[in-house]
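Me: I have a structure open and would like to learn how to read it. Could we go through it feature by feature?

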Amino acid sequence: MKLEITALRKSYRQGQEKLTILNNLNMQVDTSEVVAVVGASGSGKSTFLSLVAGLDKFDEGDISVNGHSIKNLTTAEMTNFRAQNMAFVFQQFHLVPHLTAFENIALPLEILNRPFTETEITAALTAVGLSHRGHHKPGELSGGECQRLALARGLITKPSLLLADEPSGNLDTETGQRVMNLFFEQVRATKTTTVLVTHDRELAARCDRIFTLKNGRFE
Amino acid sequence: MKLPKLFRLAWLELVRFKSSSVFLILNLTLGLIGFFILQIFQHSLTLQSEEKAQTVLGGDISINARRAFSEEERLRWESKFKYEAKTQQFWLSTMLRNGEDTRLVTVGVFDSHFPLYGKFKLSGRDFTDESPLIWADPEVKENLRLEDGQMIAIGDKQFKFAGTIEEDPTRLFQGLGFAPIVMISQRYFADTNLLKMGSTFNEEWNYKLPAGTDTEPIKKELFNVVTDPSVRIQTTEDSASDSNRVLKYFVDYLGLVALVALGLSFLCGTYLLQWTFLNKRKTIAIYKTLGLSNTKIVVLYLVQNFIVSFMACVLSYLVVLALLPVCQKLLIDTFNLPLNLVFSAQATIITLSISLLGPFLMVVPQIIQIVDLRPLMLLQSIKLEGPTTWAHRLWLLFSVAVFWSLAVWQSHSLKVASLFTGSVVGLIIVFRYLTQLLLFLLEKFSVNLSWDLKYAVKGLTRKPASAALVFTTMSLATMVLSLLPHIKTSIVNEVRPENQSLIPSLFLFDVQPEQTAGIQQLAQNILGQDLFYSPLVRSRILKINEEKYERTIVEGQLQTREEDQEARFRNRGVNLTYRSSLQDSEVLVRGEFNGIYEKESGLPEISLETDYADRMKIKIGDVMTFDVQGLEIKAKVTSLRKVKWTSFQPNFFILFPQGVLEEAPQMFLTSVKKANTSNIKNFQSQVADGYRNVSIIDINRTVEKSLKYVDQMALGLQLMAWLAVIVGLFVFIVLLNTQVKERLYEMNLLQIMGAPSGEVFKIVSLQFLVLLTGSVLFGVLLGLAMAWVLISYFFKIGTEFDGQYLVLLITILFPVCGFVLYSGLRPLKRLNPMDLIRSS
């Protein structure tokens, strides 16, 4: 999967003033490549990720995934495109609280109407070390377990592009490290093209390439 | 995502938000119970009225008038349809006397064919014309202390008392009548000489048509032949609706009170759904990022809504099933109504439809928000818009329109429904602004209070929407509950004779001109008072402003109260009177009334009662043409006057000046002022003996009988109003629960910052106590104000507030609310600051 971003521009209105957050961003990510987008707080990292995911509209430029531009997709088309091609790992996990770990992983497959077996889900749980927690709900899991579950959920659909927003940001250093080890292990093993947004330089260094956001541009 | 998976997800969410799902189901159930019971009541009533319509009417088609029909007239209508059998009856009022006891009765004079359908159940022996026998309602037997076999006179003829009427198929659900009934055979009617004496009577012809005949075309055809609008032509369909008219009026108003409960529950449901939605926003955003489309998410929530509504409907069905025997017992024992309450498919379908459609309407704001919700919220903190778009406003308007339609359907009156909906919407707006004012004042005056009181006030002022909802629902429910007893007390105070010395004891009618002097003499001798006679001239309206005044033919079923009343008014003859001046019970409101007519001054000037003029759409300056026994009389409306009907004086809609109607055939009415009971009894006996055609109404007895019905109706309405209060209390419980959950975080925080747990409990208790006390007191006050408005402008009588009930109501409501408050706030007593750490 190839991700191409050309001359991307995004601004917000704040009262009478127009605030440019991202300005003329260009990026190319090749298949199986893991890239990091780093920057200080407020540099526009999350805005960038939301544009790539098609969660927000950009003003100028284009984003294409595997040669398909997402620029002119309607909300419904984007939702479908996202489900088919992308997956997320959020800083705050964002798991469905009333579903068990097993059900949380199965949910994206159910949404996509893709047939699955119990073994596949169990294997996904095992891959992130949660085989014994399948019947637990997110409220009964620790932060690290939740993030591992979120990772398993993200990878279950075999997405072309994995978008991760500060995956270890909500975890202590040790747990964060363990989760990120697993994260890299999994994305490398599955050869998933990944965009990782983080402010952690050490973490970014483990990626194939680093893009630094400053004043709305990649340095 | 496939539908079964979507159903499962919907179910899992319902289970996850268990408490709000349960609250939603219970809330809808409570709202539906009253509505459901009422539907069962209405449909049982309609069903049983329809089933017994033929027996109530005594045939398939009935033609009657308050006059005698000529043979030519009868043959003319009989040529228009085929019939298998027919029967003729007369109905008239007269006095029955046994020793010192007298009683006004309605005499039913039947031929041997009556009734064409159904059968009278008589004690003693069956109806026969072999000998002059009389059967009477049990009330007559009791009042006059009649013995079986005893002789009793009707007019000039002696009849032998054969027994009581145990069951009369023609009187289904008709409780309120001026007089009980006695029945005699037509063979001996002429011997009574009552018609010769000038009694008012009704002649009625009933026909049995071949099976399967459609009566509606015949009715239309008959209207072409029988042009006199005072002749009433009824089919079984008319009879079905006529037989329960009073009950239907009552059920209509009961329905409106039930709608208050239903409306409150929908209001609470909307709040609950919104509260749950706010807690589910993040989950919805997750669904969206995972690829679930808006349509699927909307379907997911509609499915949840369907499950909740369906469960509420099933639950209300079960509750009603359990309550039905109690209601049935209440109907028979307390209301003396022989109505068999049965579950009908129609009642269930209507309730099911309302229980499904209502929540679908409630969920619209959430659907709008679901579509608008951006999954971006998972990555960034974005400002979430509330449902305040044009779509939301449209939804509000549509909801009001639906509520109005329900009110029209329930009350069968555009006027009443509009007034009701307008009042409810108006009150909700008033409550909203009033809450804002209350909160503003609270905030202003709390500046110098201690920190905990200030904090309590802030908790209210920063959550104005939920504060307004508690205030609105509790005030509205309390208002409905406190309103009715004042109306009842005022009616009782107005009409109960011992409270009003001006109300007469007796009312005499059918007095012939030659009898006035004799009865006057009796009154002077026995009672020491002069009687003032009011003449009554029968007529019918021919034209209004030269436009032919025609009978209103009502077609179809959906008829409003107003149309029904107008049709009934148009289709009957009018009684005229003449006087030189207005009497005490009348007040001129517009124009002038010249009591003496002089030929050279043009048309006679008449005065109309205001409501009658409104209903008939007649205004000052209109010219009316009357047919008085074949003679056309024109008159100009020059004044409108208000009439105090509860004065029990001889009052009329149309008043002529002296000098116009004196020569017309007429009879007189008069009333007898309060006097010594034995003298009154003596006077009654003497009149009954000497003037057998004269009917005497014992006002005391009539009023007491009417008040019994007022009592019963008030009880029914009051029971329904209590249901509204229960819903109101439930809304309070729901709000308390959700608000406590919302406040747990900040209360934990307060405790961490050093506030003792008692203080924290006090803060939240104070918040709800203020709301509760304010809303209950305001509801009571508003109930007083609304009662005053309704009593003064709708019932048009003096206002008498029921202080005792008010005290009782407050005594009951406050402890109940206090208990609910204490139970609802218990989680605050178990505060654990550790929860704060865990949640973060």
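This is a predicted model: local features need pLDDT of at least 70, side-chain atom pairs count only at pLDDT 80 or more; totals for chains, interfaces and linings use all residues.

Me: Turning to chain A, how many helices and strands does it have?

Reply: Chain A contains seven helices and 10 strands. Its radius of gyration is 17 Å, close to the 17 Å given by the globule rule for 219 residues, so chain A is as compact as a globular protein of that length. Along the principal axes, its C-alpha atoms fill a box of roughly 50 × 35 × 35 Å. Of the 219 residues, 46% count as buried.

Me: What share of the contacts in chain A between residues at least 6 apart in sequence join residues at least 24 apart?

Reply: The share is 71%.

Me: How do I read a sheet?

Reply: One open sheet of chain A has four strands in the order S2-S1-S4-S5, with antiparallel pairing. Strand S2 (17-29) and strand S5 (68-69) of chain A each have a single partner strand, so one side of each has no neighbour in the sheet. Within the sheet, strand S1 (residues 3-14) and strand S4 (residues 60-65) of chain A run antiparallel and are joined by five bridges. As a case, Glu4(A) has Ser64(A) in S4(A) as its bridge partner.

Me: Which residues of H1(A) are buried?

Reply: The test is a count of at least 20 other C-beta atoms within 10 Å of the residue's own. In H1(A), the buried residues are Lys45(A), Ser46(A), Thr47(A), Phe48(A), Leu49(A), Ser50(A), Leu51(A) and Val52(A). That is eight of the eight residues, so H1(A) is largely enclosed by the rest of the structure. Just after this helix, Gly54(A) takes a positive phi of about 75°.

Me: How many residues of chain A are in contact with chain B?

Reply: 24 residues of chain A are in contact with 23 residues of chain B. On the side of chain A that touches chain B, helix H1 (45-52), helix H2 (75-85) and helix H3 (101-111) of chain A each supply at least two residues. H2(A) gives the largest share, five residues. By class, that side of chain A has 13 nonpolar, seven polar and four charged residues.

Terms used. Residues are numbered from 1 along each chain as its sequence is written. Chains are lettered from A and ligands numbered from 1 in the order in which they are written. Two strands pair if DSSP finds at least two bridges between them. Two residues are in contact if their C-beta atoms, placed from the backbone, lie within 7 Å. Ala, Val, Leu, Ile, Met, Phe, Trp, Tyr, Cys and Pro count as nonpolar, Asp, Glu, Lys and Arg as charged, and the others, Gly among them, as polar. A residue is buried if 20 or more other C-beta atoms lie within 10 Å of its own, exposed if 12 or fewer, and partly exposed in between; C-beta atoms are placed from the backbone. The radius of gyration is taken over C-alpha atoms; the globule rule is 2.2 Å times the number of residues to the power 0.38.
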